[in-house]
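Please keep the sequence and the model at hand while reading.

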Amino acid sequence: MSSDYNGVSATYARFRDMQPAVVEALKVWGGAGPDSQVLEVGCGTANHLVGLCSAVGCRGVGVDLALEMLHQAVRAGSDKPLSVGRAEALPFASAVFDLLFSVDVVHHLRDLDAAFVEMARLLRPGGVLLTVTDSESTIRARVPLTTYFPETVELELARYPRVRQLEVLHTRSGLERVRGFVLAERYLLQDSGPFRERAYSCLHLISEAALCAGVAALERDLPLSCVSRSYVMVARKRG
């Protein structure tokens, strides 16, 4: 995650919560248990790291480029070791983690090849890398983002690596793809605050007029039944 996120860390801490379905996917596909060493890359405010550690009792570490995001995690009560660092040059020894994961991070990375080589380096043989991101289909199906802020669609498609690109990155870095699937979670949206205050990075890319129009339309329709969708890729280190 970019160091630019220092300036929006308080907004993210307020509005970006842990997604229970993501934690469940980490439990099911990550294979973490009480003896596991786990690293979240681009952890931000560390919601998912804390959630996974609480659920399975694993030992978790987080790394993020934005120092203020880590400060927000500490203010929220996280007691996990958190470090400042880039995905392309992670500050850890090789082959020490059983599970690495990232949530909504890969589209922020400057050098995907270097980042995947680094993540593979840190995994023990047989360790799992779980990447939660978006595919073209999940971006086009976003509610309410796509519905009320259609200007975000093409911008997001330009930012996110395609699924096939991720598969190639895994292979080149010594990882074997296990499975890819769409994760869906229903929720009831009752507050426009996350959109009005731009708690999603794509909303910083559209005009003020587009934002205001989308928020006004959204507020007329609240409460709104929504589905949060993500694309999850699970891979294992060979060896």
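In this predicted model, the cover over the buried residues of helix H3 includes helix H2 (20-30) together with strand S1 (37-41), strand S2 (59-64), strand S3 (82-84) and strand S4 (97-103). The buried residues themselves are His48, Leu49, Gly51, Leu52, Cys53 and Val56. As a general point, an α-helix has 3.6 residues a turn, so residues three or four places apart point the same way.

One of these buried residues, His48, can be followed in more detail. His48 belongs to helix H3, which spans residues 47-56, and it counts as buried because its relative accessibility is 8%, where the cut-off for buried is under 20%. Which residues is His48 in contact with, leaving aside its neighbours within four places in sequence? The contacts are Asp17, Met18, Gln19, Val22, Val23, Glu40, Phe101 and Val103.

In the loop between S1 and H3 lies Ala46, which has a positive phi of about 65° although it is not a glycine. Ala46 counts as buried because its relative accessibility is 0%. Just after H3, Gly57 likewise takes a positive phi, of about 80°.

A further residue with such a backbone angle is Asp104, whose phi is near 55°, a positive value in a residue other than glycine. Asp104 is placed in the loop between S4 and helix H5 (112-122), and with a relative accessible area of 16% it is buried. For context, most residues other than glycine have a negative phi, and most peptide bonds are trans.

| Peptide bond | Omega | Location of the proline |
|---|---|---|
| Val143 to Pro144, cis | near 15° | Pro144, loop between helix H6 (136-140) and helix H7 (145-148) |
| Leu222 to Pro223, cis | near -5° | Pro223, loop between helix H11 (208-221) and strand S7 (224-237) |

Read by row, the bond from Val143 to Pro144 is cis, and Pro144 sits in the loop between H6 and H7; the bond from Leu222 to Pro223 is cis as well, with Pro223 in the loop that lies between H11 and S7.

Methods
Residues numbered from 1 in each chain as written. Predicted model: local features only at pLDDT ≥ 70, side-chain atom pairs only at ≥ 80, totals over all residues. Heavy atoms only, no water. Helix = DSSP H or I, 4+ residues; strand = E, 2+ residues; numbered from the N terminus. Buried < 20%, exposed > 50% of the residue type's maximum accessible area, 1.4 Å probe, protein only. Contact = heavy atoms within 4.5 Å.
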